Protein chains: 12
Amino acid sequence: MTAVAKVIELTSSSAKSIEDAIESGIARADSTLDNVEGAWVQDIKCIVKNGKVAEWRVNMKVTFLLKD
Amino acid sequence: MTAVAKVIELTSSSAKSIEDAIESGIARADSTLDNVEGAWVQDIKCIVKNGKVAEWRVNMKVTFLLKD
Amino acid sequence: MTAVAKVIELTSSSAKSIEDAIESGIARADSTLDNVEGAWVQDIKCIVKNGKVAEWRVNMKVTFLLKD
Amino acid sequence: MTAVAKVIELTSSSAKSIEDAIESGIARADSTLDNVEGAWVQDIKCIVKNGKVAEWRVNMKVTFLLKD
Amino acid sequence: MTAVAKVIELTSSSAKSIEDAIESGIARADSTLDNVEGAWVQDIKCIVKNGKVAEWRVNMKVTFLLKD
Amino acid sequence: MTAVAKVIELTSSSAKSIEDAIESGIARADSTLDNVEGAWVQDIKCIVKNGKVAEWRVNMKVTFLLKD
Amino acid sequence: MTAVAKVIELTSSSAKSIEDAIESGIARADSTLDNVEGAWVQDIKCIVKNGKVAEWRVNMKVTFLLKD
Amino acid sequence: MTAVAKVIELTSSSAKSIEDAIESGIARADSTLDNVEGAWVQDIKCIVKNGKVAEWRVNMKVTFLLKD
Amino acid sequence: MTAVAKVIELTSSSAKSIEDAIESGIARADSTLDNVEGAWVQDIKCIVKNGKVAEWRVNMKVTFLLKD
Amino acid sequence: MTAVAKVIELTSSSAKSIEDAIESGIARADSTLDNVEGAWVQDIKCIVKNGKVAEWRVNMKVTFLLKD
Amino acid sequence: MTAVAKVIELTSSSAKSIEDAIESGIARADSTLDNVEGAWVQDIKCIVKNGKVAEWRVNMKVTFLLKD
Amino acid sequence: MTAVAKVIELTSSSAKSIEDAIESGIARADSTLDNVEGAWVQDIKCIVKNGKVAEWRVNMKVTFLLKD
């Protein structure tokens, strides 16, 4: 009756944008987990190569419902 | 003489981007408040539907000057 | 032998996007520092003019390797 | 289209229990606000009289949807 | 020889009380994990329906011993 | 029976001192709110002009009792 | 003239409820200290035995007035 | 040989200023403890009566050297 | 293309040193996970028996690359 | 076009008051840096000698605009 | 029946290592307190003399069981 | 008269131990700065290669006195 959700922590990245880095982490989580409900961004970093941002990197908590 | 600003907390969202979620919260605050000065993003979350980000959701503190 | 990196704190801004504000801070750091490795975004703010976001402003820690 | 919620901060109390202190704050918020959605407990304190808890006191953030 | 424990993060809920929400999360964890040792409550929230608390929701870290 | 207090966030300033900046925020809150009980200083900043502090600026949470 | 209060940190527990764990810590503090004024709950944990909560454990700061 | 210092937490107040509230807490600590070395201010609050600050209240950690 | 890393939380211990406690948690993680990249120490505690440290205990976040 | 500010961390002190300790840090920063814009007080401490505050000590982040 | 533990805060140091600084604080606590159970390291600092670490200094919370 | 200290942030590492990683950062700071007074460890991480800690990495704030 009472729903229980599990929260996992992922770090993902993208060369394009912060949103794209988050999307790629969600997509990876969704490939092995059912019922992904959302994510909470904890940290936003970037990797710099030759004076330019080469990679946007986010650390996030991803929540998914546990099946009974 | 001494300016006093009030700070309120809002949660707003957008299907498009993090910046758009912030803009929509600012627009809503601006519709009822004068002198909105800025906002400080406290949390960035996203709601996931079918393995994709359906909604970007930000929690933010919005500052506006109080009129004397 | 052991690498030591220095971490400095910058605030930069852009009228376009959060990513662009970060990029402009990185570009400024890169103009006077060698070996910029990356940045960690600490705060995201925006300045509002006439009910619209006029400026995205980020505070970040920028890391660069110290030469021996 | 995009929902915006406002978050206010309340402190409420009860002689009975922590849950009752929260309920009384929610009831007060509901008496003047529409669309109260939930609350997040930030602090739990108690007032002691004669060596016993006389009052449970909670500080919480209450969220309610803004009507367009 | 040296014990290693794993810590997972769960969100669970109950219509009855904060303690019951915690118990239901522990029960769910115990159904798939051996050696659950305890939990640390990180956040207490409630969902409001019609001006009353409809659901107590806790976020917690659950610790269990890893078998060698 | 059970008292409920509301907590609002203000930023105020003074050219004179930190205490004066707090007093001016309290005075402003008192002009529109009944039953202001106290304030909790969250941040102390100063604005510098020509190498001197031109303005002391405090961010604070102001608590006032809600009337039934 | 000016009152000074001391704040001590206690951890107490109960098999019954979170409130009871807090009450037992207050009772212990009251047995050796005069003028206990209140407590602020910092952490709520539980000890699990056989898949059930065996003990509610709270860490709290207890405040008492110092006599002149 | 190795010095060990103890840190205690006090709350003290003054009608005059923040500095005076800190001084009064230090004076009280010094009346029963030897070797008070310093204090770290953790929180600054004020109590309001009739729209004016009636009392400055500080919470602080006071450090004193333990004698061997 | 975009690498995604998972972050898990472990508590491990050692009678010898803080470094050894961390090493034993890493070794345990490595026995069931591929591609462990590093760890971030969150908390350092010790268990005391008869007035001496009997066990160094660390809580840490361990990061490992997810295979596609 | 886009302004970039640097943030440095200073600790300064004064025998007189908290405000004077902040002013002395600002004055020192201003002696070697152009365009000091403001400061954010992070910590307030005091050094005690013979039961009295001998020195007010502040830790602060000082912001100054970088010239292009 | 219900155990209550007290938590005190100590700062101790050693010229040798972080572990030794912790041990010396535990030893000092054990000399005047019964039933010391453990410690939680909150801060690790070092004092530098002539470009070398002269002293490792830890701030920690020490827990001991209160006798009934 | 009033001393002002500057605080910089460094990340340094060592294959040997946490203390050695701190020492190497202090040594690097001392090679270009006069009057290094101490350091405060903010983060302890380790890099893992082949299931073993290959590098201890600390992030720390280093304080040095500014000459007048």
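Predicted model: local features only at pLDDT ≥ 70, side-chain atom pairs only at ≥ 80, totals over all residues.

**Strands across chains**

Start with E2(A). Four bridges join E2(A) to strand E2 of chain C, residues 36-49, and the two run antiparallel.

Now turn to chain B. E2(A) also pairs with strand E2 of chain B, residues 36-49. The sense is antiparallel, over four bridges. There, Ala39(A) sits opposite Cys46(B) in E2(B).

Within chain A, E2(A) has a partner too. Strand E2, residues 36-49, and strand E3, residues 52-65, pair in the antiparallel sense over 12 bridges. Gly38(A) stands opposite Thr63(A) of E3(A). And what about the turn? The hairpin of E2(A) and E3(A) has two residues between the strands. In that hairpin Asn50(A) takes a positive phi, near 55°.

**Chain C against chain A**

Now the contact itself. Chain C gives 14 residues and chain A gives 13 residues. The size of an interface is often given as the accessible area lost when the parts come together. For chain C and chain A, that is about 1000 Å². Of this, 60% is on carbon and sulfur atoms. On the chain C side, Glu19(C), Glu23(C) and Trp40(C) lose the most area to chain A. Together they make up 40% of what that side buries.

Which elements of chain C are behind this? Helix H1, residues 18-32, and E2 of chain C each give two or more residues to the side that touches chain A.

Polar contacts are another matter: six residue pairs, both members at pLDDT 80 or more.

Some chain pairs make no contact. Chain G and chain J are one case, with their closest C-alpha atoms 16 Å apart. Chain B and chain L are another, at 22 Å.

First, Ser24(G). It is in helix H1 of chain G, residues 18-32. Buried or exposed? Ser24(G) has 14% relative accessibility, so Ser24(G) counts as buried. The cut-off for buried is under 20%. Look at where the side chain of Ser24(G) goes. It reaches the backbone oxygen of Ser13(G) at 3.4 Å. A polar atom of that side chain also lies 3.1 Å from the backbone oxygen of Ala21(G).

Second, Ala3(K). You will find it in the segment before strand E1 of chain K, 4-14. Its relative accessible area is 42%, so Ala3(K) is partly exposed. Leu66(K) is 63 residues away in sequence, yet the C-alpha atoms of Ala3(K) and Leu66(K) are 7.4 Å apart. Leaving out residues up to four places away in sequence, what does Ala3(K) touch? In its own chain, Leu65(K). In chain G, Thr11(G), Ser12(G) and Ser13(G). Ser13(G) is also the residue whose backbone oxygen the Ser24(G) side chain reaches.

How values were computed. Residues numbered from 1 in each chain as written. Chains lettered and ligands numbered in written order. Heavy atoms only, no water. Contact = heavy atoms within 4.5 Å. Pairing = 2+ DSSP bridges. Buried < 20%, exposed > 50% of the residue type's maximum accessible area, 1.4 Å probe, protein only. Buried area = accessible area lost by both parts, 1.4 Å probe. Polar contact = N/O pair within 3.5 Å; in protein donor to acceptor, adjacent residues only side chain to side chain.
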